[in-house]
There are 2 protein chains.
Amino acid sequence: METRAQLLDHAEAFARQRGFDGFSFADLAVSADIRKASVHYHFPAKSDLSIALIDRYHAVFLDRLQSIAATEATAATRLLQFLNLYRAASDGGRSLCLCVALSVTQTALPESTTASLAAFHRDVTAWLEAVFRLAEADGSIRNVASPRAEAQATMAQVEGAQIMARAAGSAARFEAAIATLVGRTV
Amino acid sequence: METRAQLLDHAEAFARQRGFDGFSFADLAVSADIRKASVHYHFPAKSDLSIALIDRYHAVFLDRLQSIAATEATAATRLLQFLNLYRAASDGGRSLCLCVALSVTQTALPESTTASLAAFHRDVTAWLEAVFRLAEADGSIRNVASPRAEAQATMAQVEGAQIMARAAGSAARFEAAIATLVGRTV
DNA sequence: GCTCCGTTGCCTATCATAAGGTAGGTAGAG
DNA sequence: CTCTACCTACCTTATGATAGGCAACGGAGC
């Protein structure tokens with residue numbers, strides 16, 4: 001019960017830092033101080049791991065988004081909190097959103113994982129679209145033309161910002177890449 | 001001479017579709033109809049391959065940017081041509097910019113590769129910054145606040161758009177994610 | 001023109017290690 | 001006495017990499 005969650009934690013960290021092909025069952029075993037066969041007990045195949053990984057990530061992330069919507073009243077503060085989530089995920093260029101990392105490896109993953117990847121983007125983009133719709137009403141974000149288009153653009157921008165921060169190995173690069181978004185909040 | 005370029009072609013395609021860990025020397029050998037040891041003749045270690053790959057990509061990409069600047073007179077048309085480059089690289093979600101793909105794997109690559117990755121982003125962003133500075137003069141792109149910030153944001157947006165197109169497996173997603181950019185051109 | 005010799009580009013064969021995965025067993029808890 | 005969560009031991013295949021050989025080409029010297 002607890003070991004499984006721990007394995008997922010380690011696997012997530014590995015995948016986000018090195019990519020899904022960048023770690024092995026042996027790596028996982030070492031980091032959890034367990035034998036390789038025991039890792040296979042929890043996740044028979046690596047594809048099972050990929051599915052569990054993304055499902056948990058998806059659920060946790062959506063929870064956080066809901067909690068932001070429940071706490072923050074304006075579109076601007078919701079957007080800033082959203083950026084905080086991606087800033088934290090970037091970890092100064094050391095890490096990436098799991099979905100960004102898995103997208104690259106995609107072809108090696110089972111069908112259901114790629115479907116989950118698409119679902120994650122769909123759900124997060126939908127949440128963002130609601131934020132931009134709220135912005136049209138409360139005016140806390142400047143120049144909102146189409147909430148739908150803004151949501152897709154924002155999603156792309158924060159994921160790209162993670163890539164850039166990683167390439168440069170610096171948190172500053174992430175900030176620079178999202179500055180235009182921050183600058184639009186009132 | 002020719003085989004080497006061919007190997008680079010195949011390796012680039014593999015890396016951009018499956019990630020750098022997603023193909024082996026054996027895969028390369030098969031696709032070039034050559035023996036595995038012969039691939040090692042051209043690229044002793046996989047790290048040599050990664051370096052050759054990114055150096056070539058960097059050079060070719062910069063050439064294309066220069067050619068755009070030489071051909072297109074306005075900031076708007078330069079930006080649209082730039083987007084064309086990334087649209088083509090995305091290939092309907094089947095592929096990614098090499099640098100995006102390598103950024104994920106980064107930790108497993110030699111130091112010099114990560115430096116090249118940063119250099120690529122620096123050069124492309126600098127080119128974009130010049131485009132947005134031109135836009136301030138010719139007015140062909142709306143609402144340009146800071147050329148520097150716009151360049152970094154645009155870079156992130158197109159790279160993120162590739163990730164989204166890939167996750168969704170659709171070219172439409174790429175278009176949706178860059179629509180806000182296209183919409184700003186006059 | 002012909003031999004000599006190095007270089008190029010490929011080959012076969014081989015290796016050590018790492019990878020994903022399986023078989024079968026065992027200690028402890030309920 | 002069964003189920004959970006782990007173990008040891010093992011297997012197969014893939015992977016990155018090396019050693020050593022061989023045919024073809026090309027220039028240098030006679």
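**View 1. Asn143(A) is an exposed residue, with 10 C-beta neighbours inside 10 Å.** The model shown here and in the other views is predicted. Asn143(A) sits in the loop between α7 and α8 of chain A. Most residues other than glycine have a negative phi.

View 2. Is Asp91(A) buried, exposed or partly exposed? There are 17 other C-beta atoms within 10 Å of Asp91(A). Burial takes 20 or more, and exposure 12 or fewer. Asp91(A) is therefore partly exposed.

**View 3. Chain A is built from nine helices and zero strands.** Read from the N terminus, its elements run α-α-α-α-α-α-α-α-α. The radius of gyration of chain A is 18 Å, close to the 16 Å that the globule rule gives for 186 residues, so chain A is as compact as a globular protein of that length. Along the principal axes, the C-alpha atoms of chain A fill a box of roughly 55 × 30 × 30 Å. Buried residues account for 46% of the 186 residues in chain A. Take the contacts in chain A between residues at least 6 apart in sequence: 64% of them join residues at least 24 apart.

**View 4. Glu2(A) lies in helix α1 of chain A.** Glu2(A) has 6 C-beta neighbours inside 10 Å and counts as exposed. How many Å separate the C-alpha atoms of Glu2(A) and Ala137(A)? The separation is 45 Å. Along the chain, these two residues are 135 residues apart.

**View 5. Chains A and B superpose by a rotation of 180 degrees.** The shift along the axis is 0.0 Å, and the RMSD is 0.0 Å. The two copies are thus related as by a two-fold rotation axis. The same surface serves both copies, since 100% of the contact residues of chain A recur in chain B.

**View 6. Here 41 residues of chain A are in contact with 41 residues of chain B.** On the chain A side, α1 (2–18), α6 (98–105), α7 (111–138), α8 (147–168) and α9 (171–182) each supply at least two residues. Which of these elements gives the most? It is α8(A), with 16 residues. By class, the side of chain A that touches chain B has 22 nonpolar, 14 polar and five charged residues.

**View 7. Met164(A) and Met164(B) touch the most other members of the largest nonpolar core.** That core has 109 residues. Which residues does Met164(A) contact, leaving aside neighbours within four places in sequence? In chain A they are Arg173(A), Phe174(A) and Ala177(A). In chain B they are His121(B), Met155(B) and Ala156(B).

**View 8. DNA strand D has 16 residues around it.** Those that come nearest are Arg35(A), Ala37(A), Ser38(A), Ser24(B) and Ala45(B). Two or more residues each come from α3 (36–42) of chain A and from α2 (25–31) and α3 (36–42) of chain B. By class, the surface near DNA strand D holds nine nonpolar, four polar and three charged residues.

**View 9. Phe20(B) lies in the loop between α1 (2–18) and α2 of chain B.** Is Phe20(B) buried or exposed? With 27 C-beta neighbours inside 10 Å, Phe20(B) counts as buried. Not counting residues up to four places away in sequence, Phe20(B) touches Ala15(B), Ser50(B), Ala101(B), Leu102(B) and Thr105(B). Ala172(B) is 152 residues from Phe20(B) along the chain, and their C-alpha atoms are separated by 26 Å.

Methods:
Residues are numbered from 1 along each chain as its sequence is written. Chains are lettered from A and ligands numbered from 1 in the order in which they are written. This is a predicted model: local features need pLDDT of at least 70, side-chain atom pairs count only at pLDDT 80 or more; totals for chains, interfaces and linings use all residues. Copies are superposed by least squares on the C-alpha atoms of residues with pLDDT of at least 70 in both. Two residues are in contact if their C-beta atoms, placed from the backbone, lie within 7 Å. Helices (H or I, at least four residues) and strands (E, at least two) are DSSP runs, numbered from the N terminus. The radius of gyration is taken over C-alpha atoms; the globule rule is 2.2 Å times the number of residues to the power 0.38. A residue is near a molecule or strand if its C-beta atom, placed from the backbone, lies within 6 Å of it. Ala, Val, Leu, Ile, Met, Phe, Trp, Tyr, Cys and Pro count as nonpolar, Asp, Glu, Lys and Arg as charged, and the others, Gly among them, as polar. A nonpolar core is a set of buried Ala, Val, Leu, Ile, Met, Phe, Trp, Tyr and Cys residues joined through C-beta atoms within 7 Å.
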